[in-house]
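Trainee: Could you take me through the aromatic contacts here, setting each value against the rule behind the term?

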Amino acid sequence: MMVGFGCPVILWLALAAVQGSVLGLGEDMDRSLIGPPGSPVRLHESDAGLKKALQFAEERYNQGSNAMHLRKVSRLLSATKQLVKGIRYSITVELSNTQCKKSTMLRTCDFYPEIQKLKTEVCLFEVWDIPWQGTSTLLKQKCQPKVEVQQEETNNIVDASTSQPLEDSVELLGQFKEFMVKYNKDYSSQEEADYRLFVFHENLKTAEKLQTLDQGSAEYGVTKFSDLTEEEFQSAYLNPLLSQWNLHRLMKPAPPARGPAPASWDWRDHGAVSSIKNQGMCGSCWAFSVTGNIEGQWFLKNGTLLSLSEQELVDCDGLDQACKGGLPSNAYEAIEKLGGLETETDYSYTGKKQSCDFTSMKVAAYINSSVELSKDEKDIAAWLAENGPVSVALNAFAMQFYRKGVSHPMKIFCNSWMIDHAVLMVGYGERKNIPFWAIKNSWGEDYGEQGYYYLYRGSNACGINQMCSSAVVN
């Protein structure tokens with residue numbers, strides 16, 4: 001008999017006290033985790049809205065399936081909802097075969113008693129429900145077969161060569177426990193904890209593949225995002241609008257630098273870069289990239305480094321979509337129309353869209369215009385060294401599991417047209433003969449190297465050269 005994802009019952013019992021103390025599952029097993037308005041909230045299976053969304057997703061799945069039999073949800077693994085002009089449900093379930101053919105109109109459909117006939121899949125559904133309009137939309141459906149681990153009950157000792165080594169399971173659980181403690185993770189049920197362990201294990205494999213294929217000196221492995229699927233990570237932290245090139249506003253070209261680039265440069269050494277910030281579970285990277293650039297420009301013109309407000313852009317930039325993404329080119333234009341930016345202190349960050357509370361009397365920095373840089377990396381380096389940190393965007397393919405070093409993904413995996421994250425380029429140099437860009441990220445100091453990501457310089461890696469821009473302060 002096996003439970004969870006291939007860990008023997010004895011192992012679970014032996015580690016129950018350790019894991020239970022971390023998960024906190026001995027009490028409040030049915031509670032939902034409540035976050036601030038607009039943030040994802042975990043749901044219990046009894047939630048009425050969730051039941052409706054599940055039924056809708058189930059119906060849409062069966063309508064699009066070529067299978068002979070109806071499939072139903074056999075197990076809810078996790079569910080969250082988020083208020084976004086309606087309610088967006090993110091649901092992970094197991095779907096299994098019933099004994100009802102699609103042509104029948106039976107009210108009840110029993111599952112097959114034989115495991116092999118269930119053909120269970122693990123599915124991620126995203127449903128957008130607008131109750132006041134009576135409409136529901138299936139935004140995403142992604143399914144893959146569930147790997148069933150079976151072991152015959154026997155009085156004989158199991159051959160270690162044909163079963164998962166006990167020490168491997170112990171090591172995995174140890175890593176998961178350490179991850180949960182380090183990043184203060186808490187799950188609402190044992191089922192979700194099991195699922196997150198499964199995702200964590202799969203992500204370890206992905207990080208190993210990244211490590212094998214990387215051409216630089218980067219180290220990949222466990223990060224605070226290691227319990228998120230690729231889809232969850234993209235939805236919560238990245239910016240899909242960046243790759244929609246038809247939305248980009250044309251910008252004036254930047255005048256070239258007056259001289260060649262020095263061998264290395266870092267604006268952190270010259271006081272032009274504020275401390276690392278954290279966008280939270282909000283796709284507002286575009287706002288952090290632009291405010292970081294303006295902080296540098298204001299410092300170079302006025303000698304004062306200010307921490308400027310990203311929340312002002314999230315709330316007041318009518319050209320962009322707040323936590324759903326935005327474009328630096330739009331943000332510059334919005335700032336010009338508003339008249340400037342307030343400081344972080346006066347207009348603090350909440351990580352969700354609110355009503356605009358901008359006050360012109362509190363403007364701390366303004367811009368006069370904005371420019372787009374050359375796409376040649378040598379020109380970009382020269383311009384940066386002469387004019388300040390640069391707003392850039394890139395394909396974040398390798399960033400979810402990045403820990404340190406110079407990242408250099410293969411171009412086939414990190415192409416230049418699937419750009420989905422805006423950041424701030426603050427400098428460049430070499431490490432052990434590997435040229436790099438120093439990139440200020442907006443995922444907190446516990447990401448990468450004290451909040452920074454280092455990317456290979458010289459091959460247009462991950463499209464880093466495609467969207468370089470800067471505000472202009474006269």
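Mentor: Let us begin with a term: buried means under 20% relative accessible area, exposed means over 50%, and partly exposed lies in between (1.4 Å probe, protein chains only). This is a predicted model, in which local features need pLDDT of at least 70 and side-chain atom pairs count only at pLDDT 80 or more, while totals for chains, interfaces and linings use all residues. Residues are numbered from 1 along each chain as its sequence is written, and side-chain values use heavy atoms, with hydrogens and water left out.

Trainee: Why is F436 called buried?

Mentor: The relative accessibility of F436 is 10%, which is under 20%, so F436 counts as buried; Y454, at 6%, counts as buried too.

Trainee: What makes the pair of F436 and Y454 edge-to-face?

Mentor: Rings of Phe, Tyr and Trp (its six-membered ring) pair if their centres lie within 6.5 Å, and planes under 30 degrees apart count as stacked, over 60 as edge-to-face and the rest as tilted. For F436 and Y454 the centres are 5.4 Å apart and the planes stand at 75°, so the pair is edge-to-face. The pair links distant parts of the chain, with F436 in strand β16 and Y454 in strand β17, 18 residues apart.

Trainee: How do you know that R431 lies over the face of Y454?

Mentor: A charge sits over a ring if NZ of Lys or CZ of Arg is within 6 Å of the ring centre and within 35 degrees of the ring normal; R431 lies over the face of Y454, at 4.2 Å from the ring centre.

Terms used
Helix = DSSP H or I, 4+ residues; strand = E, 2+ residues; numbered from the N terminus.
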